[in-house]
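Hi,

Here is the structure I promised to pass on.

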Amino acid sequence: MITSDSDSVRAHDAALSMARTNPRAHVPRLVRAEEVHTRIHGPGAMGRFNAAVAVRITKIVGTMYCAYVFTVIALVALPAAIQQGSPTVLVNWLSSNFLQLVLLPIIIVGQNVISAAQDARAEADHETLTALHQMSKQQIEILEGQNEILDLLKERAR
């Protein structure tokens, strides 16, 4: 069954309110990037289009190949800057052409590497916390069973 983004948000809100009233009713869930895109760009067709375009451009620009292409583009302007002979022109070339063009994709690549590591940790944490949650529920059930046994023993002792 395919659910819409608004259904997903409503289900999440319902689960949160239930978890506040009954901690054992909590349902652990893993939040993925696709679910977050709707909250940023909106649930409509234009929001999905904007998210898709932004992700696609980021994936293209955020590669080392793009950094290499930008380096070549920046180096095309270097001879003209050197020919001017002015330190100001060289500083302008370095700051506006080279650094901005080349560092942008390199920073995106670095962020992608960091993000992948964080996602892997989040998934591992989710699995661990889900297992701990299940163990806690089992422990509570055992304790409730023990309480019932103690209540029965108290009744028989009277």
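This is a predicted model: local features need pLDDT of at least 70, side-chain atom pairs count only at pLDDT 80 or more; totals for chains, interfaces and linings use all residues.

A residue counts as buried here when its relative accessible area is under 20%, and as exposed when that area is over 50%. As for the surface, the chain exposes about 12100 Å², with 64% of that supplied by carbon and sulfur atoms.

On to the fold. The chain has five helices and zero strands, so the pattern along the sequence reads α-α-α-α-α. I also looked at how far apart in sequence the contacting residues are. Taking contacts between residues at least 6 apart in sequence, 66% of them join residues at least 24 apart.

The helix pair I'd point you to is helix 4 (residues 64-84) with helix 5 (residues 87-157). Two packed helices are described by the angle between their axes and the distance between the axes. In this pair the axes come within 9 Å and cross at roughly 180°. Angles over 145 degrees count as roughly antiparallel, and helix 4 and helix 5 are therefore roughly antiparallel to each other. What sort of residues make up the contact of helix 4 with helix 5? There are 20 nonpolar and three polar ones, and no charged residues.

Then the aromatics: the structure holds two aromatic pairs. In one of them, Y65 and Y68, the ring centres are 6.5 Å apart and the planes sit at 80°, so this pair is edge-to-face. Both tyrosines belong to helix 4, and because they are three residues apart, about one helical turn separates them. Is Y65 buried or exposed? Y65 has a relative accessible area of 67%, which means that Y65 is exposed.

Cheers

Methods: Residues are numbered from 1 along each chain as its sequence is written. Side-chain values use heavy atoms; hydrogens and water are left out. Axes are lines fitted to C-alpha atoms, for helices over the stretch in contact, and angles run from 0 to 180 degrees between N-to-C directions. Helices (H or I, at least four residues) and strands (E, at least two) are DSSP runs, numbered from the N terminus. Angles under 35 degrees count as roughly parallel, over 145 as roughly antiparallel, 65 to 115 as roughly perpendicular and the rest as oblique. Ala, Val, Leu, Ile, Met, Phe, Trp, Tyr, Cys and Pro count as nonpolar, Asp, Glu, Lys and Arg as charged, and the others, Gly among them, as polar. Contact means heavy atoms within 4.5 Å. Accessible areas come from the Shrake-Rupley method with a 1.4 Å probe; for residues, only the protein chains shown count as cover. Rings of Phe, Tyr and Trp (its six-membered ring) pair if their centres lie within 6.5 Å; planes under 30 degrees apart count as stacked, over 60 as edge-to-face and the rest as tilted. Buried means under 20% relative accessible area, exposed over 50%, partly exposed in between (1.4 Å probe, protein chains only).
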